[in-house]
Amino acid sequence: MASIGRLLVKDSVLLLCDMQEKFRPNIFHFTNIVSNAARLLQACRTLDIPRILTEQYPKGLGPTVPELGASDLTAHAKTQFSMLTEGVEKELNSLGGPKKAILCGIEAQACIACTTYDLLERGMEVHIVADAVSSRSQTDRLFALSRLKQSGAYLTTTEAVLLQLVQDAKHPNFKEIQKLLAHPSPDTGLLSFFSSL
């Protein structure tokens, strides 16, 4: 049967890409993108889903922003656009080779795109959280998401990911996840894109 893109806690990994200080003033809806990614991170902690964080050239672009809440993670520094550095590859292998990647961060046309292509070539399912991914330009962001969908990635949202992972109000962690859903995700300018999906 062809893959339908169902997310499960088992075999999933959360990838947090380059949400750093120097990007703050220039990324479209940066604050809301980070807010959504922070909710995903909290949920993955609660559900014991592995989490991997990268930083693009941190010497020049600064550290990960504190509001992401990722201070417990060791960031993999990189200069290449793909997150799949040697260190990240080792971490994925040590996790037993997860089959599904939940991907968020910046920028859509650069590091998110290159990471997605590498993950797809590796045979992984890629779930790009569209309201937790952005770029400096809304044009680049929207065309990148469209292009990545053509390549076989699944486009989803923060709330959809959280609900798919628990799947049932009887899930033992549902109440904790429900707290993360108390308020709808903030607007990140995707509605104009909807007509082209």
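Guide: One term to begin with: two strands pair if DSSP finds at least two bridges between them. Keep in mind that this is a predicted model.

Visitor: Okay. Which residue stands opposite histidine 76 in E3?
Guide: That is threonine 54.

Visitor: And how many bridges join E2 and E3?
Guide: There are 3 bridges, and the pairing is parallel. Strand E2 covers residues 51-56.

Visitor: Zoom out for me. What is the order of the strands in the open sheet?
Guide: The order is E3-E2-E1-E4-E5-E6. That makes an open sheet of 6 strands with parallel pairing.

Visitor: Which strands are at the edges?
Guide: Strand E3 (76-78) and strand E6 (154-156). Each of these pairs on one side only. From one strand to the next, the twist averages 25°.

Visitor: Now the helices. Which strands does H1 lie across?
Guide: Helix H1, residues 30-46, lies across E1, E2, E4 and E5. Its angle to E5 is about 135°.

Visitor: What about H4, which strands does that one touch?
Guide: Helix H4, residues 108-121, packs on the sheet and touches E1, E2, E3, E4 and E5. The direction of H4 makes about 165° with that of E4.

Visitor: Let's switch to the backbone. Is the peptide bond from isoleucine 106 to glutamate 107 cis or trans?
Guide: It is cis, with omega near -15°. Glutamate 107 sits in the loop between E4 and H4.

Visitor: Why point that out?
Guide: Because most peptide bonds are trans. Likewise, most residues other than glycine have a negative phi. Aspartate 11 has a positive phi of about 70°, though it is not a glycine. Aspartate 48 also has a positive phi, about 60°.

Visitor: Where are those two aspartates?
Guide: Aspartate 11 is in the segment before E1. Aspartate 48 is in the loop between H1 and E2.

Visitor: Is aspartate 48 buried or exposed?
Guide: Exposed, because its relative accessible area is 64% and the cut-off for exposed is over 50%. Aspartate 11 has 29%, so it counts as partly exposed.

Visitor: Last topic: serine 137. Where is it?
Guide: Serine 137 is in the loop between strand E5 (125-134) and helix H5 (138-150). It is partly exposed, at 24% relative accessible area.

Visitor: What does its side chain reach?
Guide: The side chain of serine 137 reaches the backbone nitrogen of aspartate 140, at 3.0 Å. Asparagine 26 is 111 residues away from serine 137 along the chain, yet their C-alpha atoms are separated by 8.7 Å.

Note on methods:
Residues are numbered from 1 along each chain as its sequence is written. This is a predicted model: local features need pLDDT of at least 70, side-chain atom pairs count only at pLDDT 80 or more; totals for chains, interfaces and linings use all residues. Side-chain values use heavy atoms; hydrogens and water are left out. Helices (H or I, at least four residues) and strands (E, at least two) are DSSP runs, numbered from the N terminus. Buried means under 20% relative accessible area, exposed over 50%, partly exposed in between (1.4 Å probe, protein chains only). A polar contact is a pair of N or O atoms within 3.5 Å; within protein, one must be able to donate a hydrogen and the other to accept it, and residues adjacent in sequence count only if both atoms are side-chain atoms. Axes are lines fitted to C-alpha atoms, for helices over the stretch in contact, and angles run from 0 to 180 degrees between N-to-C directions. Contact means heavy atoms within 4.5 Å.
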